[in-house]
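Trainee: Can we go through this model together? I'd like the side-chain details and the helix packing.

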Amino acid sequence: MHFIERGCASLISVLPDGDAVEVGTIGNEGLVGTPILMEANRMPYQCEVQIPGDGWRMPAMAFQAAVHQSGTLRAKLLRFAQAHFNQVAQSAACNRLHTIEERCARWLLMSRDRAGDDFPLTQEYLAVMLGVRRAGVTVTAKLLQNAGLIAYTRGNITILDPAGLEETACDCYRIVRDEFRRLLPEGENHPTGGRQR
């Protein structure tokens, strides 16, 4: 079990032909290892740290014992699991229905909520996160940069205008953010990093 304090991890679905796309993002609002919480022993996804940071690791057996001993802990973690499931479902709809520019803005905002305004990111990695070719990411990043929403230098993104980026993003960003806020209210961890808007 991993608990992220700063940074974030991605759940990535890799298909038999090698194509891959991110299906979920996890930051300081929850944990990496939801299958253990749900009493399953594995998941069919890869988990990769997308933005480095800090966190804590806990042996699965110790985690299970703590969850069984504390109804409060179990309830909070189950609310996170529901919020994360909502994020995964919304991502599936978003990946099918929205433009690369809208999806990229959504992804950058979700990453900002977990890691701050400045974080390491390559175009190749962003292409995997969005399930598109790198050329599409190059064009999209250039559009967002020309609009003054981001600054992109080799391997690093800085969010310059979060409000403008939110206007560019599809409604999926707000839907997921609001569900996390509803299920993990202020005072509990949520992916806005305490920055309620």
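**Ring contacts and packing**

Trainee: Which residue lies over the face of F180?

Mentor: R114 does, at 5.7 Å from the ring centre. The rule is NZ of Lys or CZ of Arg within 6 Å of the ring centre and within 35 degrees of the ring normal. This is a predicted model, where local features need pLDDT of at least 70 and side-chain atom pairs count only at pLDDT 80 or more, while totals for chains, interfaces and linings use all residues. Residues are numbered from 1 along each chain as its sequence is written, and side-chain values use heavy atoms, with hydrogens and water left out.

Trainee: And how many aromatic pairs?

Mentor: One, if Phe, Tyr and Trp rings (the six-membered one for Trp) pair when their centres lie within 6.5 Å. The partners are F3 and F63, 6.2 Å centre to centre with 50° between the planes. That counts as tilted, because under 30 degrees would be stacked and over 60 edge-to-face, with the rest tilted.

Trainee: Where is Y45, then?

Mentor: In the loop between α1 (34-37) and β3 (46-57). Y45 is partly exposed at 38% and, apart from neighbours within four places, contacts I12, S13 and V23. Its C-alpha is 9.6 Å from that of S10, 35 residues away along the chain.

Trainee: What about phi of E39?

Mentor: E39 has a positive phi, near 60°, and is not a glycine. Most residues other than glycine have a negative phi. E39 is in the loop between α1 and β3 and is exposed at 55%.

Trainee: Helices now. How do α3 and α4 pack?

Mentor: Helix α3 (residues 71-97) and helix α4 (residues 100-115) pack at about 155°, with axes 11 Å apart. So α3 is roughly antiparallel to α4; the label applies over 145 degrees, with under 35 roughly parallel, 65 to 115 roughly perpendicular and the rest oblique. Axes are lines fitted to C-alpha atoms over the stretch in contact, and angles run from 0 to 180 degrees between N-to-C directions.

Trainee: Which residues make the contact?

Mentor: Q87, S91, C94 and N95 from α3, and R103, R106, M110 and R114 from α4. R114 is also the residue over F180.

Trainee: Last one: what does E102 touch?

Mentor: T168, A169 and C170, not counting residues up to four places away in sequence. E102 is in helix α4 and partly exposed at 24%. The C-alpha atoms of E102 and C170 are separated by 5.1 Å, though the two are 68 residues apart along the chain.

Notes
Helices (H or I, at least four residues) and strands (E, at least two) are DSSP runs, numbered from the N terminus. Contact means heavy atoms within 4.5 Å. Buried means under 20% relative accessible area, exposed over 50%, partly exposed in between (1.4 Å probe, protein chains only).
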